[in-house]
Amino acid sequence: MPTTMAAGKEEILSFQTTVERIRDQIGREIVGQKEVIDHLLMALVTGGNVLLEGVPGLGKTRLVKSLSRVLNLPFSRIQFTPDLMPADITGTNIIVKTEEGNSFSFAPGPLFSSIVLADEINRATPKAQSALLEAMQEHSVTVGGVTRRLPEPYFVLATQNPIEQEGTYPLPEAQLDRFLFKLLVPFPTLEELGGIMDMTVTSAETEAEAVAGGEDILLLRSVAKQVPVARAVQDFALKLVLATHPEISESPEQSRRYLRFGASPRAGQAMMMAARVRALMEGRYNVSFEDIRAVAPACLRHRVALNFEGLAEGHTVDGLLLTLMDGLKT
Amino acid sequence: MREKTHPDIQKALRPVRRRMRVSHAVRCVCFGVLIACLCCAALAAVSYFLPIPRLPLWMGAAGLALLALAFIAGLLKPISYERAARQADAGGLMERVLTALTLFDDTPMALLEREDAMRHLSALPVKTAVPLKISARPLLAAAAVSLLAAGALLFVPNPQNGVLAKREAFQKVMAEQAKTVEEEADKLEESSLTREELNKLRKLMGDLARDLRKAAEPQETYLAMDKAQRELDDLKKQASDKVKAQAAQAFSQSGLKDLSDALSKSDAEAASKAVSQLAKSQTQAQSNSSALQSAADALPEGALKDAAAQTAKALTAGNAQNLNAALSALNTAMAGACSGQVPGNAANLSNISSLLARLRSGTLSASQGSGQSSGAGQNSGSGQGGGIVKGQQGGAGAGAGKGSTNQDGGISQAGTSTQKEGTNPPGYKLGQYETIYDPTRLGGADDNHQTTGTLGEGESQQVQMGPGLGDISGQVPYHEVIFDYQLAASKAAQQEALPEGMQLWVDGYFQALVD
């Protein structure tokens, strides 16, 4: 049974309305993408980071910008290229001329922002990619032996293009594991495309307003941590994590046959945190099996890999995860 | 380890648990229907190998009992609060109740969650959340099994039906006989028996009537009658011993020591000698007469008392012819008393002996009833089938009492038909089973006469009869055939699985006929 710190009833009751307001404002600038927006909000409230995968032109950058505007949080964008150096993103010490003479001064890099968009992260070298690791995990940056805290809330949203794989550096599993979610941005439907046209190429374009701030997000985070979870629901999430491991003899046939490796305990943590936020967003004060099922694909798809047989037979990770969830007894 | 559950949520879950119990009971009843049908089908299958009376009643009882058991078992199955919470949550409550069930915090979040769960639980339509589902599969299987069993019962002939019919007919006869026994028991008089003896006799007859009603097979009836016969013999012996002792005492007190000693030793020869001594001496005739009269006054009612009184009078009168007759009667009475003959005044015991003999005849007739009425082989076959029936029913009046079946009168020693002892109307014609054995047709073209019938459980025997013994109508002189019948009956009784008492009775019966 979870132990919780007392949080005011008013804060709890206002959670859903706050999130609704944020969602509505984002909806003024972004057409469709409801599930992506919801997951982004979940990740933001949870304190996790998101990896977005989608073809160019789907509005990923616009989405992040809208988010920063609605939350009135500073936003920075890093375009990852193969020649990007770690200092380019973390910042570096530079020599400045002062009255006393020349001295080093730290010039912060684009990481020093509340919301960071790491565009096409798979195009940068592993060295540059790893510069993000400390920031994503610890919310701090160490340059020249000096560790500097990053502002809270801190949210990294990385993107990658699923179609242009030439000259890219796939993210290592260790780095992938640090993303709370991996979201697949779907191509808009006809209606959504019409809405996008109406919004962006006419004079009817609207701009989102700031309706919340960083403190609100931190408050929402503290409320979310108090949501109780039934033992059976938690066991369901953990059994799902275990089921993704092919080396465990009790895991299902599909896992043992088609998976190369399974999710880490961090996946379980991610699911529990995200499920709590989702429950509150749905107007409930408890986590349900449905919440786990809703967040599981985003939490697990980047933490689990298919083997050659799975790839050869045309299986997908999402498909296998659905099969595993259906096979688990609630 | 079972987690502790919140009492408020427990209370709110009670309607759900109740409904789940009923739902479970309904599912159990569906399976109970299948089990009941299988059980009934098994009973039906067994009924083809064992005779089961009132089969539909047994099937119904077994089916209802199994259904009731299934329902009760379903109701009694424990339903945990966790299971009830899951069932409630499955009705769209999204694990609210399951979470609240084990949430004991008093934080604002926990309180909100509990209130939310209680609110949704109270608004939950329990009947919709826990529907009473009827499991179709077991019912379909039950229907299939029932159809198969019904088809088998309807279209496959049951060999046990004949056995059951025979048994039912037999039991009907036994019930009538039991009623006869009870009527006789009601007629018992105290005249010559003590209260204790009368009670024993009534108990004997009551037990016999009960055993007759319970008997399903002739074997059981014979055993019951054997038992009654033994008890009756004991009673007779007690009565005769009592009379003998009384008589011995009476003679002793009257000074007729020889007579008294002879009775005490049950020595008929000594008794005869003592009787002959009574009239030897003229001088002692008067004293002997007085002694005899005195003894007669003390003797219980019966042949001995009468004979003693008659002899006393004859001694006094001095008429030689009368005296010889009286002495002869006294001799006979003394011989009877020595041999343990039932005193004439013990009419009850004699009546019951006759009744038992009639019951045996009736039982034998009942056990042969189906063969007699329908089997051509039996009725016209040679051997004991026709003979025993005829012998029992025709000669029963002389030896073993009146026949219990109102059928053919049989053949007397003179070769003429005896009077029918039944109550058939005057124009009654002999039926097939009453056909009298016709030895003049032995070896003829009619195979029926050579066919051996089946008599109940035994096999019949063919008795060789000399040619020309019967007349053209098939009537055979009784005395010509009785010895062969006696032999055949004795052999058959030894082959049948009859109790020893019954075998002796058969031998004794035919011996009485021959005598």
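I began with chain B, which has 20 helices and two strands, counting as helices the DSSP runs of H or I with at least four residues and as strands the runs of E with at least two, numbered from the N terminus. I noted that this is a predicted model, in which local features need pLDDT of at least 70, side-chain atom pairs count only at pLDDT 80 or more, and totals for chains, interfaces and linings use all residues. Residues are numbered from 1 along each chain as its sequence is written, chains are lettered from A and ligands numbered from 1 in the order in which they are written, and side-chain values use heavy atoms, with hydrogens and water left out.

Next I looked up burial, where buried means under 20% relative accessible area, exposed over 50% and partly exposed in between (1.4 Å probe, protein chains only). Of the 515 residues in chain B, 44% are buried.

I then turned to B:Gly336, which sits in helix α15 (residues 320-338) of chain B and counts as buried because its relative accessibility is 7%. Its C-alpha atom is 8.7 Å from that of B:Leu304, although 32 residues separate the two along the chain.

I also followed B:Phe49 to the loop between α1 (7-46) and α2 (55-76) of chain B, and this residue counts as exposed because its relative accessibility is 67%.

Last I checked cysteines: A:Cys299 is buried at 0% relative accessibility, and B:Cys338 is buried at 8%.
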